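Welcome to a short tour of this structure.

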Amino acid sequence: MSKSRTGVDDTPAAPASPGGWDTRSEEALAAPGPRTGSADGATRKRRGAADPVKALLHRHRELCERAVDPLEIAAGLEAHGVTDRAAARYRHRDVFSLAEEMYARVPRDGARTSSVVAPPEDRPVVESLPAGWALVALLPGIVCAAAVAGYELTAGRGRLTVLVAGALVIAVTLRFALRHGPLRARRRPVSGTRAWSGFLLLYALCGDGLLDGALRGGPDGPWPLDTAALLGLGLAFAPAAWCARLFAVRARRRLAQSRGLAEFAAGARPLLLAVVVLYAAALTGLLVLAGRFLGQQGPPLGAALLGVLLLLARLLTSYGFRRAPALVLGCACAVEGLAVAAAFAARLPGCGFLAVPVDAVGAGAVPVLACGAGAAVLLIRAARTLARASAHAGGTGEPR
Amino acid sequence: MRIALLTESGYPYVTGDARLWCDRLVRGLEQHEFKVFALSRSAEQEQQGWIELPPQVHRVRTAPLWSAADEPGGAAADGPGAGGRRAYGRRQRRRFVEHFGELAAAMCAGTASDGAADVADRFANALYGLAELARDEGGLATALRSETAVRALERACRAPGALRAAHEARVPDLLAVAALLEQALRPLSLDWYEDEEGGLGSVDLCHAASGGCAALPGLLAKHFFGVPLLVTEYGVQLRAHYLGGAGEGAGAPARALLAAFHGRLAAEVYRQATLITPGNTHARRWQEKCGAERGKLRTVYPGMAAGRFAEVGEAGESGEYLADPGTLVWVGRIEPAKDLVGLLHAFAEVRKEEPKSRLRIVGAPALGEAAGAYLAHCRALAAQLFPDEAEGVHAVGDNPVSFEEIGGPDVPELADAYAAGSVVVLSSVVEGFPISLVEAMFCGRATVSTDTGAVVEVIGGTGLVVPPRNPRALADACVALLRDPARRERLGAAARARALELFTVEQNVAAFHSIYLEIVARCPVRREVLDEDGDPLPFAHPAEIHLAGQWPSGTAQGTAQGADDAGPGALKGARGGPSWAESGRSAEAVGAREAAAAVVAEAVARAEGVPESAPPKAPAPAGPDGSRTPTGAEADAPEVEIEVAVDVAELFGVAAQASPGGEPVGAGVAGREGEA
């Protein structure tokens with residue numbers, strides 16, 4: 001086009017469209033005369049000042065393409081030393097009107113704006129975790145295994161010492177692993193959450209035996225502990241952390257790809273369900289294996305549901321929803337505690353009816369009911385709250 | 001008078017932005033009572049503490065803008081980033097959605113829709129609605145971070161007639177906008193808006209030290225209590241927002257929405273401000289572009305301590321500070337925007353004409369790696385262009401270009417740097433308010449500077465100006481000055497006189513003093529007068545004080561404007577008349593004193609709890625006369641510059657070059673100046 005304009009006849013027809021030219025540039029072409037001094041005529045000839053704004057546009061192309069309104073271009077031009085007097089050379093009253101022309105002349109189509117948004121894979125999707133978190137997640141399992149081994153190999157007073165020490169070490173390790181993994185809470189959980197979780201774990205270890213004994217009029221001496229449940233749950237900490245990470249990463253990716261909130265919610269819910277099912281499967285497998293290994297029989301349903309409940313509670317806490325987990329965990333504790341209390345209270349004269357409901361369902365069904373109901377409630381809650389985009393917005397919060 | 005100083009990342013903090021200016025202002029106006037309301041930008045800033053505060057600062061209240069201020073412990077609200085005291089109930093949530101949706105819609109509204117004024121009104125109403133909600137419910141942070149807010153944003157973005165960029169907003173954009181809006185609106189959730197002592201309701205005037213978020217508390221004080229707002233901007237906040245790359249990682253839609261928010265906020269601040277004081281013409285132009293009325297703008301130049309340059313300036317070129325007649329001096333921070341390369345090329349031209357001349361580059365210690373590299377590059381270029389030279393065969397040679405630092409053996413003080421040269425050169429390509437140029441003017445040195453930023457406005461005909469990136473023109477101007485000591489002396493003296501008139505701390509403080517008096521006299525806060533039992537006292541203020549009009553008055557010459565709503569229109573009308581020109585400065589002084597007396601009387605009456613009897617206060621004579629204080633005169637920069645230039649010309653016999661700020665000065669500047 002410019003060739004035909006300068007007179008070299010390579011195309012017979014006049015250019016069909018004015019292209020990047022407007023009336024102002026036509027004027028400039030028609031009268032390139034007096035605004036530049038005669039002293040720098042050589043410069044003018046060399047640069048070809050027909051459309052000075054075009055050259056400026058080319059020089060500040062990145063700024064213009066990035067700008068969201070003319071004022072941004074004006075600010076950028078000023079930062080590059082373009083003043084009102086410089087704008088006069090481009091036949092504009094001030095920098096603002098020059099910026100407006102530049103803003104109007106930058107090609108602005110859908111392709112450009114979408115290309116400005118970096119592809120989501122390039123961005124750091126989720127907050128980074130401390131190095132080696134995936135290995136740290138294995139620690140609780142190892143400690144649990146050691147404690148259970150110690151328990152099985154000792155007897156009498158030594159067994160008691162192992163129990164106390166094991167409980168302490170497991171608590172400390174668990175805390176450490178939680179803080180250094182994807183399950184860390186952005187803010188301190190509501191008070192009581194930890195105590196409830198500890199109680200539920202304790203019940204999983206010794207609650208069934210105690211309740212069984214109480215219903216039969218015992219317990220007479222130390223009752224058998226469900227070490228398989230403890231071992232399985234401890235080993236399942238690692239899959240829990242990995243699943244939480246999986247959920248966070250996939251949710252972030254989906255977030256970056258979705259155009260609307262509804263679209264994101266529709267994608268996030270199945271993701272959450274899939275992650276929970278994956279974890280439940282892994283946990284069940286580990287529980288069954290642990291039962292086989294320790295020679296303990298019986299379906300690990302209560303422990304599996306407890307694991308799911310704890311995962312959901314911790315997941316919600318880590319995303320900042322702290323009240324529902326505390327409430328549900330507290331309720332589950334209350335149900336289990338009440339069951340034991342009722343079993344003992346039924347021995348009082350005239351209170352025999354208290355044990356009837358517990359007797360009816362059986363000792364093994366109490367944690368199944370308590371944890372199952374709790375897990376169901378939290379699952380519904382999580383499906384609602386974790387499908388919100390705003391839940392995944394943060395990620396810069398300090399761990400507590 | 002009780003003045004609330006509103007700062008953002010500023011005054012009381014050691015690392016604050018405009019702390020020097022604020023400190024001088026507060027120390028200069030010790031007769032007033034200051035309360036500082038400071039917003040901090042980062043944790044480091046808070047840790048580094050405050051500068052020493054003078055006794056007239058009665059109270060400092062700070063609030064962070066940088067992180068979720070969540071209290072440790074249980075009772076905080078549920079949800080991510082919840083920082084508020086409690087979650088909203090259904091009614092509050094509906095109220096929030098209504099106002100926030102309105103705010104978002106005003107942000108997303110394209111320019112072509114309903115009309116700018118309508119959109120501005122919607123934005124303002126939504127902002128005040130949110131502020132009232134925050135005041136009633138004790139905070140907004142939880143709601144602003146909630147899904148409700150994001151959903152409202154999405155709805156506004158998808159609405160017909162919204163900005164194109166908003167239409168393309170994806171979920172990450174919405175989240176980014178919501179988070180940044182929460183940060184920007186954090187001043188709404190503060191507990192500063194109360195009537196009691198220590199709240200913003202108890203002051204007579206809010207002075208925002210910058211626009212943007214700092215002015216937000218002032219806006220609300222105006223909305224809730226009718227406290228007048230004064231906005232001072234040395235750099236326009238909106239421009240800083242664009243240049244600062246806010247929301248850097250975010251996509252174009254998020255940046256567009258944020259830019260719209262800040263633009264509308266700036267417009268609302270300018271609309272509600274009683275007066276706006278830009279620091280230079282550049283800021284003034286931006287403010288006008290963002291919707292500030294011309295009638296409200298008063299340029300108040302930043303003040304600089306002239307004391308340390310007094311000795312050099314008074315001695316002139318010949319006194320004890322003997323300047324080497326062939327020496328050019330450049331002072332500043334060494335960075336690419338200063339175009340030292342161009343300066344070196346210009347100096348090469350100068351050397352062709354004046355082989356004895358020298359160039360001393362006095363640079364502040366450079367920060368960062370890039371600056372160091374640039375300095376090394378400049379040194380290498382200087383060594384290439386100018387070989388070392390010596391007096392004779394047996395002397396040790398030296399380079400005619402020297403790079404020095406303040407505090408070195410040759411230049412122990414800043415003033416010595418300027419004193420060492422006979423001509424001070426400024427070669428910047430990009431420049432804001434050229435501080436080194438003003439310092440050179442204080443020192444009474446002739447200057448050659450490039451036409452960038454506020455240079456022309458500052459120099460105002462008392463030095464030579466050449467186009468940027470033109471070494472030959474720079475060299476010609478330097479040679480012209482080097483060869484003409486008499487002209488150097490004239491220009492230097494004129495420059496010093498101009499600087500002492502316009503850029504001293506005293507003029508800055510005096511300007512703000514009279515602006516304070518003018519504002520308080522023109523639109524004082526109307527407070528309910530209470531009796532002993534705390535019930536409102538009827539008829540404490542007579543109805544007349546709400547009217548603009550003629551007041552019977554003993555001393556004041558002009559019309560009194562006592563009404564709150566004496567808009568700029570009324571003011572302009574009054575000013576258009578010739579009365580100020582006739583009454584002269586003595587009447588202005590009387591007017592200002594009267595206004596001060598009225599303020600004092602009101603303050604005393606309030607302090608004693610005595611209801612003022614009718615007429616409650618001396619009619620404020622801050623009409624046309626009062627408002628035309630010396631500050632007012634200095635405000636219209638071009639006009640004043642002509643006056644000063646003429647005065648100086650008469651004094652020193654220079655043929656005055658009038659009005660450098662007014663007309664476009666192109667490539668011909670040097671030539672025109674050369675004729676002078």
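Let's start in chain B, where B:Leu5 has B:Val36 of β2(B) as its bridge partner. Please keep in mind that this is a predicted model.

**Strands around β2 of chain B**
- Strand β1 (residues 2-8) of chain B pairs with β2(B) in the parallel sense, over seven bridges.
- Between these two strands, the chain passes through helix α1 (residues 19-28) of chain B, and this β-α-β crossover from β1(B) to β2(B) is right-handed.
- β2(B) is also joined by seven bridges to strand β3 (residues 57-64) of chain B, and this pair runs parallel.
- Strand β2 (residues 33-40) of chain B is mostly covered, with seven of its eight residues buried.

**The nonpolar core**
- In soluble globular proteins, nonpolar side chains tend to be buried together.
- Here the largest nonpolar core has 286 residues.
- Those with the most contacts inside this core are A:Leu309, B:Cys108, B:Leu130, B:Cys206 and B:Cys478.
- Leaving aside residues up to four places away in sequence, B:Cys206 touches several residues, including B:Ala4, B:Leu6, B:Val227 and B:Leu230.

**Two residues with positive phi**
- B:Ser9 is not a glycine, yet has a positive phi of about 55 degrees.
- You can find B:Ser9 in the loop between β1 and α1 of chain B.
- B:Ser9 has 22 other C-beta atoms within 10 Å, and because the cut-off for buried is 20 or more, this residue is buried.
- B:Asp339, also not a glycine, has a positive phi of about 50 degrees.
- The loop that holds B:Asp339 lies between β7 (327-333) and α14 (340-353) of chain B.
- B:Asp339 counts as buried, with 23 C-beta neighbours inside 10 Å.

**Helix α11 of chain A**
- Helix α11 (residues 139-153) of chain A has 15 residues, so at 1.5 Å a residue it should span 21 Å; this agrees with its end C-alpha atoms, which are 21 Å apart.
- The buried residues of α11(A) are A:Pro140, A:Gly141, A:Val143, A:Cys144, A:Ala147 and A:Val148.
- Viewed down the axis of α11(A), these buried residues fall within an arc of 165 degrees, so they line one face of the helix.
- Their cover includes α12 (157-179), α14 (227-235) and α15 (237-257) of chain A.

Terms used. Residues are numbered from 1 along each chain as its sequence is written. Chains are lettered from A and ligands numbered from 1 in the order in which they are written. This is a predicted model: local features need pLDDT of at least 70, side-chain atom pairs count only at pLDDT 80 or more; totals for chains, interfaces and linings use all residues. Helices (H or I, at least four residues) and strands (E, at least two) are DSSP runs, numbered from the N terminus. The expected span of a helix is 1.5 Å times one less than its number of residues. A residue is buried if 20 or more other C-beta atoms lie within 10 Å of its own, exposed if 12 or fewer, and partly exposed in between; C-beta atoms are placed from the backbone. The arc is that of the directions from the helix axis to the C-beta atoms. Two residues are in contact if their C-beta atoms, placed from the backbone, lie within 7 Å. Two strands pair if DSSP finds at least two bridges between them. A crossover is right-handed if, with the strands pointing away from the viewer, the path from the first strand over the helix to the second runs clockwise. A nonpolar core is a set of buried Ala, Val, Leu, Ile, Met, Phe, Trp, Tyr and Cys residues joined through C-beta atoms within 7 Å.
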